[in-house]
Amino acid sequence: MSKASQELERRAEALREKIRYHEHRYFVLDDPEISDAEYDRLVNELKALEAAHPGLITPDSPTQRVGGQPREGFVKVQHSSPMLSLDNAYNEQELRDWARRVYELSSTEKIDFVCELKLDGLSMALHYKPDTGGRSKFVLAITRGDGSTGEDVTANVRTLRSVPLTVPAAALKKAGLPQEFEVRGEVLMPTKSFVRMNEEREKDGLARFANPRNAAAGAVRVLEPNITAQRRLDFYAYFLLTEGRVFRAEQSEALDALETAGFKVNPNRKIAHSIDQVWEFIQKSEEKRETLPYEIDGIVVKVNDTARWQRLGFTGKAPRWAIAYKFAARTGITRVEDILVQVGRTGKLTPVAALAPVPIGGTTVSRATLHNMDEIERLGLLIGDWVEVERSGDVIPKVIRVVEGKDHPRGTGKFKMPSTCPVCKGHVVRAEGEVDHRCVNVNCPAKLRESLLHFASRGVLNIEGMGDALVDQLMEKGLVKDVADIYSLTKDQLLSLERMGDKSAQNILDEIEASKKLPLERVIYGLGIRFVGERTAEFLAQHFGSMDDLIKVATDDDEAKSLEELQQVEEVGPRIAASLREFFLEPRNVALVDKLRRAGLRFTGEKKVRGTALAGMTFVLTGTLEHYSRDEAKRMIEDAGGKVSGSVSKKTSYVVAGEEAGSKLDKARELGVTVLDETQLMNLLKPS
């Protein structure tokens, strides 16, 4: 190996170690030392180095957490030893009865217990095998399944930043661990991630997940690892096995060893020297349940002495040496006094039950979500009904059933979703096949903040500096009431804002002015029309050539003709066509478009008829082409009617390979996909 190659390898390994260190600080210890931007810079530097020199890539590199092709299914794998379920205790007496049996079977009253939070997630077993340099590497992740057999979800679990891909030799030595071991724990979705994901799903017109546990389970079992990565899951370790046996003489020691080895172990744990101390821990944990950043549904109590486990044995399917104390369900029964409508930041109208105040889980609840009209109809809910309400973490309380009986008479008021937005009086629509009603006025005050951030974001109108903080201030001071007001801002107005200097104000004004020169497709994309993304906006601009022609077709009095013409645009189907028509039939949206026209944005573009030479073909680009950039080659393929994908599959028509082509080329050969060089691609693009 040359000196230059050795230097590159040293640099790559140094970057990997630095990134692993900061991943551990951030994702395991929750104590970052550097900013997100600095972390991203390190990762991007490593990515660039590995892209330029593919031979430097190692399986445990932080850049390889997400990669590979979508899987076609999950393989069943048998566990090294059963992943057992636990018996439950639902009150103090049942807990003390369990402890009494443990004392009796142990013939002693001196027993220590380990108390741990019962995380409401998905149980998982991680396997580590020996690696070079005395390290251990992550090789396998198995879901609990039926306890004996689970599913191999290794590729997905690799994306979890709190799962170490390697454990250094020094950490193994300090923890007293061999190179081969198994870690069991819980995959969960933090509450903030759950709320954020549901907001994103709602924005995209998708159904919300019912709770974080279901969301986590769904994320682990999707067939594309990159989707798992987007769900922001976490992993907490709680069990350690070596050679199929429990590690260490005490469970508390095993937890400490896991922490020392670099795994995330929940800090909310305690060694209790009596059942009274166990009960005290349970009470304190239930009190702070609402403040935790994730869902728990109880406390797991284990005998600390693992040698005693074998003597205590099992009852049917559950061990006698452990029990799960389950918290009481957080529900209450109250009366629905009215049904109100809230408008969310995406324009979705959500019916909300106004309740007679009821205490649930230490908090008085007076509002509960009803989600949508389908849910109201499913419940058979009337205003005046008595209902059972469930509260779960930071998620808004929800009505789970109508209660009927002598003491709970039925209501009489029937709810109907309004036809106009309660905030702005704009049109409310419910697309065919969807459950949600939405306000289509882009300037509705309830959704203005989201509209402004989208309009100014990179890849749209690209107004750098107009982020959350600035948009919040502009709205608070009433300086913007729609996205077009951005173009009326003055320097004096900007200087009146907090932390805004002369140079910063001028930079923002320059960015705003520069955005006027961006092409028509950016303006269409910036309007925030539902289902119209960057690619669809480009097709619309190329097909119609002007905003006026697009609006003319979308608002044609003949609805059938309008929808038919809109669907002649590439990749525009019935759903997008209906969304375009709904948007431009709202007078407030047309008024906004006229205001943007007066501000000087570009409303015309190059009308382009897309070719058909590559119609129906899917291409994947890999490596460096000699005469064209990736983006240029992509545009030429799309202009000829073809599609460009980021991954190789059996459905791929051609892989176009340049210099230093990577794993996509190997995948193409493996699947028998035809590989083209740059010249062959150009020949395909030539008119016949």
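**Exercise 1.** In which sense do E23 and strand E25 (residues 654-657) pair, and over how many bridges? Then place E23 among its other partners.

*Solution.* The model is predicted.

Step 1. Take E25. E23 and E25 pair in the parallel sense, over 4 bridges. Leu621 has Val656 as its bridge partner in E25.

Step 2. Take strand E24 (residues 643-645). E23 pairs with E24 in the parallel sense too, over 3 bridges. Here Val620 has Ser645 as its bridge partner.

Step 3. From E23 the chain passes through helix H23 (residues 630-639) to E24. This β-α-β crossover is right-handed.

**Exercise 2.** Why is strand E23 (residues 618-622) largely enclosed by the rest of the structure?

*Solution.* Count the buried residues. Buried means under 20% relative accessible area. In E23, 4 of the 5 residues are buried, so the strand is largely enclosed by the rest of the structure.

**Exercise 3.** Which residues touch the most other members of the largest nonpolar core? Find the elements that build this core, then follow Met547.

*Solution.* 

Step 1. The largest nonpolar core has 59 residues. Met466, Tyr487, Met547 and Phe584 touch the most other members.

Step 2. List the contributors. Elements giving two or more residues include helix H13 (448-456), helix H16 (502-515), helix H19 (547-554) and helix H21 (574-584).

Step 3. Set aside neighbours within four places in sequence. Met547 is then in contact with Leu520, Val523, Ile524, Leu527, Phe584, Val593 and Phe603.

Step 4. Look beyond this core. A second, separate core has 41 residues, among them Leu122, Tyr128, Ala141 and Leu165.

Terms used. Residues are numbered from 1 along each chain as its sequence is written. This is a predicted model: local features need pLDDT of at least 70, side-chain atom pairs count only at pLDDT 80 or more; totals for chains, interfaces and linings use all residues. Side-chain values use heavy atoms; hydrogens and water are left out. A nonpolar core is a set of buried Ala, Val, Leu, Ile, Met, Phe, Trp, Tyr and Cys residues joined through side-chain atoms within 4.5 Å. Buried means under 20% relative accessible area, exposed over 50%, partly exposed in between (1.4 Å probe, protein chains only). Contact means heavy atoms within 4.5 Å. Two strands pair if DSSP finds at least two bridges between them. A crossover is right-handed if, with the strands pointing away from the viewer, the path from the first strand over the helix to the second runs clockwise.
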